[in-house]
Amino acid sequence: REETSDRERGRGAIGVSEKMTFTIPIENGNGVKNAEADSQRTLYPYVTGTSVVAIKYKDGILMASDMGGSYGSTLRYKNIERMKAIGKHSLLGASGEISDFQEILRYLDELMLNDNMWDDGNSLGPKEVHNYLTRVMYNRRNKFNPLWNTLVLGGVKNGEKYLGMVSMIGVSFEDNHVATGFGNHLARPILRDEWREDLSFEEGVKLLEKCMRVLLYRDRSAINKLQIAKMTEEGVTVSEPYSLKTFWDFKAFTNPTVGAEGSW
Amino acid sequence: MFRNQYDTDVTTWSPTGRLFQVEYAMEAVKQGSAAIGLRSRSHVVLACVNKAQSELSSHQRKIFKVDDHIGVAIAGLTADGRVLSRYMRSESINHSFTYESPLPVGRLVVHLADKAQVCTQRSWKRPYGVGLLVGGLDESGAHLYYNCPSGNYFEYQAFAIGSRSQAAKTYLERRFESFGDSSREDLIKDAILAVRETLQGETLKSSLCTVSILGVDEPFHFLDQEAIQKVIDTFEKVPEEDEGEGEADEGEAEAAAAAPAEQGGGAGAGDQDVAPMEM
């Protein structure tokens, strides 16, 4: 029957770590229709980006992400820009399905185009873009066809700094520092201890690099090629890609199982 | 304006390039009771004259809150005005819901104007018979717009519409250059004085006018009767003492009354001529 084969297909497919079985039993007696309907919804992501980390600092927002796109457990793409400027005032970073991120960029492109066409001295700032995205993500979630992303939206407008996050199920909030995916578990504890109001640019970058280094060591889908983006009143700049210095000669890394439970 | 062969349909042009039905709709605005708007850099005041159909009835509402940062005063067919206010509230709230941010008033008036234009280009519709004075805030500060049944909109520092509005306009023309930097209190006083001009001799009482204000850091709200009466008392009570204002104002009022504008004369002479649809 159509339904069982869908489920089996889902389980074995690519071994994607974030996979969730998303099949909904639809009782309409017509097996063929089910398969077609299901193939229209997003069931699981294919090419994914990993964490994005962002903080507020003295002059605005700093955001960091690596340039990797994983195809399940394969680190397939190594030159994906997961942070893009939106208009003059905002920056969007995304983790999750890359094609859905590109779709979101198309929506925002249209939004900003219409905003610019008004040509009236008013413009959509980061708060407005964040709320628009929240509406989009939540509505897609309600249709059981989510955009499989966690988005970080930051910006500065009229001196006011804004940093917020929207998840694929439409959960949305603002904070002084945000992260997605593994960043929530590895980076945010560091930020909770070490973030302060009025960090200078250098201090902010150092803090973000500390978080990204931990993620590089501990997240298997992270690669050592990252970008840091800066948002201030003047505008948005995304840095050139660069690598972090790593040290793999810790005794625990060279001989990981020494002293482990049950080893000899 | 006289009846002619080209005025039956809104979609018929006259040989001189006029749409008579649209112009007739603008006449309806001139028949309504006066509405006045003025703005400074940070505040907008909307005021209107309360006309009740009879002593037994209450007066019709002519000023509506569209949002905390936008208000509208209407003149003309109040039913049309009510429907358009509901549309404005709807647009404003939809924008707030999606963007969590107030709809810039400049964008709202364009939506409104486009809506009015549609009615000038469909044979099965008629133009809205109401003029709207829209006051509101956007990123660049306080603004006042006038939306016409023709689908045009204009921005003003101060304006008056409806019957006997010419008297108010004359007063405002004399004073508008100072409005930009006016304090909130002076702006309210000027609005009430402009309303007085349209009454042409009738004593100004707080029951005869409605005044509303909005500004940066001040959401749209109506002024209550006592507040209005207090302002009236500053210039009505002792006209001889208050030389700088009282006498000058009395002089202006007399000059304005002596030369009624054509709509002032027409509407004033026969309030019985006013269509029952309008207050």
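Biologist: Why is the meeting of the side chains of A:Lys157 and B:Glu139 called a salt bridge?

Modeller: A salt bridge needs a side-chain nitrogen of Lys or Arg within 4 Å of a carboxyl oxygen of Asp or Glu. A:Lys157 and B:Glu139 meet at 3.0 Å, N to O. That is within the cut-off, so the name applies. Between chain B and chain A the count is three salt bridges.

Biologist: What kind of model is this?

Modeller: This is a predicted model, where local features need pLDDT of at least 70, side-chain atom pairs count only at pLDDT 80 or more, and totals for chains, interfaces and linings use all residues. Residues are numbered from 1 along each chain as its sequence is written, chains are lettered from A and ligands numbered from 1 in the order in which they are written, and side-chain values use heavy atoms, leaving out hydrogens and water.

Biologist: How many residue pairs are in polar contact across the interface of chain B and chain A?

Modeller: The rule finds ten, with both residues at pLDDT 80 or more. A polar contact is a pair of N or O atoms within 3.5 Å; within protein, one must be able to donate a hydrogen and the other to accept it, and residues adjacent in sequence count only if both atoms are side-chain atoms.

Biologist: Which helices of chain B supply residues to the side that touches chain A?

Modeller: Helix H2 (78–99) and helix H3 (105–118) each supply at least two. Helices here are DSSP runs of H or I, at least four residues, and strands are runs of E, at least two, numbered from the N terminus.

Biologist: How many residues are in contact between the chains?

Modeller: Eleven residues of chain B are in contact with 15 of chain A. Contact means heavy atoms within 4.5 Å.

Biologist: What makes up the buried area between chain B and chain A?

Modeller: Buried area is the accessible area (1.4 Å probe) that two parts lose on being put together, summed over both. Here that is about 1,300 Å², 50% of it on carbon and sulfur atoms. In chain B, B:Tyr99, B:Arg107 and B:Glu139 lose the most area to chain A, together 55% of what that side buries.

Biologist: What share of each chain is called buried?

Modeller: Buried means under 20% relative accessible area, exposed over 50%, partly exposed in between (1.4 Å probe, protein chains only). By that rule, buried residues make up 45% of the 264 in chain A and 51% of the 279 in chain B.

Biologist: How many helices and strands does each chain have?

Modeller: Chain A has eight helices and 13 strands. Chain B has eight helices and ten strands.
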